[in-house]
Amino acid sequence: MSQNLISVSLTDADYADIDAALTVLESQFGKLINLSVSERRGLSKMGDKSEAFCRQALRVLDQNRHVLPPTLDLAEAQRDLAHFDQLRDRAVRLQGLQGRMDDTLTALGSDVMSASLEGYALLRVVGEGSGLESLRQGMSARFSRRPAGAREGAANTAGTTATPAGTVKTVQ
């Protein structure tokens, strides 16, 4: 029985709407920065534990502005925190969508792979004598590599081939 984890029913109009929405997101998020790996490593980071400290520090500083040196821009730090909160809410929503997109792509790919393997096995059975043998042999290149477990014992695998199911059979 064929696997069918998902059947997507998005229309061309749906994809056009999605593309338009992504264009808007790309335009708006174009205002955000992209740090290099070395830049990211060198930054002080506000994690879960330090977030409460940062919020409290900004409140205390706001209540005691008389101790602030002119070099500390409290208003900018407060704006940064407000944007942090706003963007994090959107990031959580985007991460949820990205997770669903990843799962959908995985399911669609698995459905396609399952149907392809089932069809390939069918070609092996009915292909001989029906003129499909050369096509099936061309497709068999996908299975010509040794499985990962067989690579470790490569000296012991002489005279073996991989099958579509990923098992190794001995060639006499």
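Modeller: Helices (H or I, at least four residues) and strands (E, at least two) are DSSP runs, numbered from the N terminus. This is a predicted model, with residues numbered from 1 along each chain as its sequence is written. Local features need pLDDT of at least 70, side-chain atom pairs count only at pLDDT 80 or more, totals for chains, interfaces and linings use all residues, and side-chain values use heavy atoms, with hydrogens and water left out.

Biologist: Which pattern does the chain follow, read along the sequence?

Modeller: The secondary structure comes to six helices and two strands. Taken in sequence order, they give α-α-α-α-α-α-β-β.

Biologist: How many of the residues of the chain, in percent, count as buried?

Modeller: Buried means under 20% relative accessible area, exposed over 50%, partly exposed in between (1.4 Å probe, protein chains only). The chain has 172 residues, and the share that counts as buried is 9%.

Biologist: What distance does H4 reach from its first C-alpha to its last?

Modeller: Helix H4 covers residues 74-126, which is 53 residues. The expected span of a helix is 1.5 Å times one less than its number of residues.

Biologist: What covers the buried residues of H4?

Modeller: The buried residues in H4 are Leu74, Leu81, Ala107, Asp111 and Tyr120. Their cover includes helix H3 (48-63) and helix H5 (133-139).

Biologist: Which residues does alanine 107 touch, not counting residues up to four places away in sequence?

Modeller: Alanine 107 sits in helix H4 and is buried, with a relative accessible area of 13%. With contact taken as heavy atoms within 4.5 Å, alanine 107 touches Leu5 and Ile6.

Biologist: With which residues is glutamate 51 in contact, leaving aside its neighbours within four places in sequence?

Modeller: Glutamate 51 lies in helix H3. At 11% relative accessibility, glutamate 51 counts as buried. The contacts of glutamate 51 are Met46, Phe84 and Arg88.

Biologist: How many residues apart in sequence are the parts that arginine 88 and glutamate 51 tie together?

Modeller: Side chains of opposite charge can pair when their charged atoms come close. A salt bridge is a side-chain nitrogen of Lys or Arg within 4 Å of a carboxyl oxygen of Asp or Glu, and arginine 88 forms one with glutamate 51, the closest N and O atoms being 2.9 Å apart. Arginine 88 lies in helix H4 and glutamate 51 in helix H3, so the pair joins parts whose separation in sequence is 37 residues.

Biologist: Which residues are linked with Arg88 in a network of salt bridges?

Modeller: Arginine 88 is partly exposed, at 32% relative accessible area. Aspartate 85, at 23%, is also partly exposed, and forms a salt bridge with arginine 88 in which the closest N and O atoms are 3.6 Å apart. The network links Arg88 with Glu51, Arg55 and Asp85.

Biologist: How far apart are the closest N and O atoms of arginine 79 and glutamate 76?

Modeller: Both residues lie in helix H4, three residues apart, about one turn of the helix. Arginine 79 is partly exposed, at 42% relative accessible area, and glutamate 76 is partly exposed at 32%. In their salt bridge the closest N and O atoms are separated by 2.7 Å.
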